[in-house]
Amino acid sequence: MSPRSASVNEELRRRSRERLLQAAVELVDEHGFEATTLADIADRAGSARGLVSYYFPGKRQLVQSAVHRLMHRTLEEALEREPRTDDGRERLARAIDAILGLAHDRPVLMRQHMAGLLQAEGFVQCPEQRRLSELLSDTVARYGSADVTADYPMLRATLMGAVFAALVPGVPMPVPALRAELFERYRLDWELGTPPGSGTDSAPARCQDLSRFFATGERAERAAPGKPAE
């Protein structure tokens, strides 16, 4: 048997990493951060325990990368859904609704994510985080910002503050009230975007298949919206 080519090995490594990211999101969403072990994640992903350490220095870095992947793919899906638009105000509304929607639909996961950001290591600089940054920066630019370098961090901080406020145990702010505040801040009409919780899916959000957010190549095409994931 001839050895695998470099491109095949690269694809296998990418798929292994994707499976670990998906497993991390699923398990933390189901059980919380502390109750989820790296061994649990490896088992769910069908990977060897040592492979986790090959890709990620620790559990918190893995989980933060996984949540950033879910965030950027959720945002990407919202921005590009039909009817597609280049209107900056509509795209900003979709971005706000996408991030607030994650707080609404997956409170356990997003609460753990926010707590992780307050740890000493803070943001994990990974491809997933960079892609999220690129999407939000592009959204700010299309909205008409004259200084994206200054306005993107402000949007990021405002969204993080809203997610935190929605998830504080015991005194959460209602997501509709937070949405109204953000829309007023950015002078967006209420009918823009899609308010969190207003989707037409019959299945609860936490029961929905997440594979489309972690698929690559042909698997991603099969798992695209409107196509069943295998």
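1. A word on terms to begin: helices here are DSSP runs of H or I with at least four residues, strands are runs of E with at least two, and both are numbered from the N terminus. Read that way, the chain follows the pattern α-α-α-α-α-α-α-α-α-α along its sequence. That gives 10 helices and zero strands.

2. Please keep in mind that this is a predicted model. The average pLDDT over the chain is 86, and 87% of the residues score at least 70. The stretch to treat with care is residues 217-230, where pLDDT stays under 50. For those residues the model has 16 contacts beyond four places in sequence. Where pLDDT is low, the predicted coordinates should not be read in detail.

3. On the overall fold, the chain has 230 residues, and 46% of them are buried. Take the contacts between residues at least 6 apart in sequence: 69% of these join residues at least 24 apart.

4. Two packed helices are described by the angle between their axes and the distance between the axes. For H4 (residues 59-80) and H7 (residues 127-143), the axes come within 8 Å and cross at roughly 30 degrees. An angle under 35 degrees counts as roughly parallel, and H4 and H7 are therefore roughly parallel to each other. H4 passes H7 in a left-handed crossing.

5. Who meets whom in that pair? From H4 come Ser65, His68, Arg69, Met71, His72, Leu75, Glu76 and Leu79. Facing them in H7 are Glu128, Gln129, Arg131, Leu132, Leu135, Leu136 and Thr139. Sorted by class, the contact of H4 with H7 has six nonpolar, five polar and four charged residues.

6. H4 also packs with helix H6 (residues 107-117), at an angle of about 125 degrees and with the axes 10 Å apart. H4 and H6 are therefore oblique to each other, and their crossing is left-handed. The H4 side of this contact consists of Arg60, Gln64, Val67, His68, Leu70 and Met71, while H6 brings Leu109, Met110, His113, Gly116 and Leu117. In the contact of H4 with H6, six residues are nonpolar, four are polar and one is charged.

7. Is Leu210 buried or exposed? With a relative accessibility of 6%, Leu210 counts as buried. Leaving aside neighbours within four places in sequence, Leu210 is in contact with Gln22, Val25, Glu26, Leu70 and Arg106. Glu26 is 184 residues away from Leu210 in sequence, yet the C-alpha atoms are 8.0 Å apart.

8. Finally, two backbone details for your checks. The peptide bond from Glu82 to Pro83 is cis, with omega near -5 degrees, and Pro83 sits in the loop between H4 and helix H5 (88-105). Arg187, in the loop between H9 and H10, has phi near 55 degrees, a positive value in a residue other than glycine. Arg187 has 66% relative accessibility and counts as exposed.

Definitions and conventions. Residues numbered from 1 in each chain as written. Predicted model: local features only at pLDDT ≥ 70, side-chain atom pairs only at ≥ 80, totals over all residues. Heavy atoms only, no water. Axes fitted to C-alpha atoms, helices over the stretch in contact; angles between N-to-C directions. Parallel < 35°, antiparallel > 145°, perpendicular 65-115°, else oblique. Left-handed = near helix turned anticlockwise from the far one by under 90°. Contact = heavy atoms within 4.5 Å. Nonpolar A, V, L, I, M, F, W, Y, C, P; charged D, E, K, R; others polar. pLDDT = per-residue confidence, 0-100. Buried < 20%, exposed > 50% of the residue type's maximum accessible area, 1.4 Å probe, protein only.
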